[in-house]
Amino acid sequence: MVFAIIYYTFVLLFAGLTYASVEGRIPVVPRLQYLVVLGLSLISEWPLPVIVLKIVLINIASLLGVFRGIIPQLFYIVDLLNMIGLVVIFIDADEARRAIEQAIKSYSDQRELPSFTSETFWQRMVNPHFVPQNVFQYADIGYATHSEKSEATKNDFEQVNYLTLDVYARKDISRSTSKPVFMYIHGGEWIRGDKASPYPLIRHLAEVGWVVVSINYRLAPISFYPSQLIDAKRALRWVKQNIEHFGGDPKFIAVAGDDAGGQIAAVLALTPNKPEYQPGFENVDTSVKACVLINAITDLVGEQNSWISDYFSKKIAGRQTKDITFLREHSPLHLIKEDSVPFLVFHGDRDTSVPFKSSSIFVEEFKKNCKAEIQFIPIPGGHHVYNLFSSPRSHYQAIGVEQWLNHIHSEEGNGDYAWVSKEHDFSD
């Protein structure tokens, strides 16, 4: 009886998530919304493991005699229909491959990205536990000065533990030639998240020869914004001063982020050398060469996302009222200048947390006001945190980022940087 209840619960839960994943509509569950968003992305990115789990549960239920009677058999039929829906979701991921192939074809050295018929697809892209074996992680490196750490402990002693970063590099990396650097800022609505989140993008870029830095920053509401932006610039300062020891080139750094981390990354890229965001290190160069955004928050004023302005003003920035001037000063949409750096923008077309249209508007505004290159790649079927999972979409996206960054690196006059990419050809 107990297992029957567990089975029925799983049937209803996964059926609801599958339907919502396909429809791109998210149920409102107060206080559990983040888990619902995570669940939708899990269903859309890992449909095959979910099918395997369902088969195991069905076999156990059958052995225990759960399917005796009309109602249990109806649940069984719903479960079978659910698995058909999961197969459709799995096949749907191929649209992301086509979208990225089309987007990068003008500058990519990839012929075709791995498809269902590719051995690489099944070994890497479908494997939920795939991690490159030739990448080494240097974990929990402090990037703040002693005085900055002391300041951080005033709000909460644990906050100093967030002023750290991880460096990822190939185990066989040669330090005779400096490699370009990619700095990633995790998302999480400014209140959660961690640098150790298993983004496939981070390890993929390290595998193909980039030196990758993933940073933590103090979280709201214990540390109010712009502490997060200041911490990101402190991390960038550390990278510029120390990354050569890991084989990285401090002269070429690209920054990236998703969700709230995308907002921080974009503001960092669009406000180089602004002294108000560099207390104690005003003379340090905090410019970067490029920026990559994934489902990023680009407008805090709230024209496309009505809840964001009050939420950010009060909970994240600790202000009593909504300050439009302040919100505009920290909205990437309103910081674009003629000399801004190149941007690559991804957004899942089923994102229900950050409006897909907000990235489209950011790209249009960028094209109007800036001479630099910008590329927008919509991700078919992508939910808000699709990039967190080892799945076909996230691996296709990682290859797309790699090719675009190599292109920008080459445009900067650094020559073709694809020595490892060509050694590890991920095309069919």
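1. Salt-bridge network. In this predicted model, a network of salt bridges links Glu 148, Glu 151, Arg 218, Asp 231, Arg 234 and Arg 237. Two of its members, Asp 231 and Arg 234, fall within helix α9, which covers residues 227-242. The count of salt bridges comes to 22.

2. The pair Asp 92 and Arg 350. Asp 92 forms a salt bridge with Arg 350, and the closest N and O atoms of the pair are 3.6 Å apart. Asp 92 belongs to helix α4, whereas Arg 350 sits in the loop between β7 (343-348) and α13 (356-369), so the bridge ties together parts that lie 258 residues apart in sequence. Asp 92 counts as partly exposed because its relative accessibility is 23%. Arg 350 is likewise classed as partly exposed, at 22%. Both values should be read against the cut-off for burial, which is under 20% relative accessible area.

3. The two domains. The chain is divided into domain 1, residues 1-93, and domain 2, residues 105-412. The centres of the two domains, taken over C-alpha atoms, are separated by 33 Å. Contact between them involves 22 residues of domain 1 and 21 residues of domain 2. By these bounds, Asp 92 falls in domain 1 and Arg 350 in domain 2, and the salt bridge of point 2 joins these residues.

4. The side chains of Glu 95 and Arg 98 meet in a salt bridge, with 3.1 Å from N to O. These residues are three places apart in helix α5 (residues 94-104), and therefore about one helical turn separates them. An α-helix has 3.6 residues a turn, so residues three or four places apart point the same way. Glu 95 is partly exposed, at 33% relative accessibility, and Arg 98 is also partly exposed, with a relative accessible area of 46%.

5. A buried salt bridge. Lys 195 and Asp 166 meet through their side chains in a salt bridge of 2.9 Å, N to O. The pair links distant parts of the chain, with Lys 195 in the loop between β3 and α8 and Asp 166 in strand β2 (residues 164-170), 29 residues apart. Lys 195 is buried, with a relative accessible area of 4%. Asp 166 counts as buried too, at 1% relative accessibility.

6. Asp 259, buried without a salt bridge. Asp 259 lies in the loop between β5 (248-258) and α10 (260-270). Although buried, Asp 259 has no salt bridge; Arg 192, the nearest side chain of opposite charge, is 6.8 Å away. The cut-off for a salt bridge is 4 Å. A polar atom of the Asp 259 side chain does lie 3.1 Å from the backbone nitrogen of Gly 188. Leaving aside residues up to four places away in sequence, the residues that Asp 259 touches are Gly 187, Gly 188, Glu 189, Ile 294, Asn 295, Ala 296, Ile 297, Val 354 and His 384.

7. Positive phi angles. Glu 189 has a positive phi of about 60° although it is not a glycine; its place is in the loop between β3 (179-185) and α8 (200-207). Asn 295, also not a glycine, has a positive phi of about 45° and is found in the loop between β6 (290-294) and α11 (308-316). Glu 189 counts as partly exposed, at 27% relative accessibility, whereas Asn 295 counts as buried, at 0%.

8. Cis peptide bonds. A cis peptide bond joins Ala 220 and Pro 221, with omega about 0°. Another cis peptide bond joins Tyr 225 and Pro 226, with omega about 20°. Pro 221 is found in the loop between β4 (211-215) and α9 (227-242), and Pro 226 is found in the loop between β4 and α9 as well.

9. Helix α1. Helix α1 (residues 2-23) has 22 residues and should span 32 Å at 1.5 Å a residue; its end C-alpha atoms are 32 Å apart, which agrees. The buried residues of α1 are Phe 3, Ala 4, Tyr 7, Val 11, Phe 14, Leu 17, Thr 18, Ala 20 and Ser 21. The elements that cover these buried residues include α2 (33-45), α3 (47-63) and α4 (70-92).

Note on methods:
Residues are numbered from 1 along each chain as its sequence is written. This is a predicted model: local features need pLDDT of at least 70, side-chain atom pairs count only at pLDDT 80 or more; totals for chains, interfaces and linings use all residues. Side-chain values use heavy atoms; hydrogens and water are left out. Helices (H or I, at least four residues) and strands (E, at least two) are DSSP runs, numbered from the N terminus. Buried means under 20% relative accessible area, exposed over 50%, partly exposed in between (1.4 Å probe, protein chains only). Lys and Arg count as positive and Asp and Glu as negative; His and the chain ends are not counted. A polar contact is a pair of N or O atoms within 3.5 Å; within protein, one must be able to donate a hydrogen and the other to accept it, and residues adjacent in sequence count only if both atoms are side-chain atoms. Contact means heavy atoms within 4.5 Å. The expected span of a helix is 1.5 Å times one less than its number of residues. Domain bounds come from an automatic or database domain assignment.
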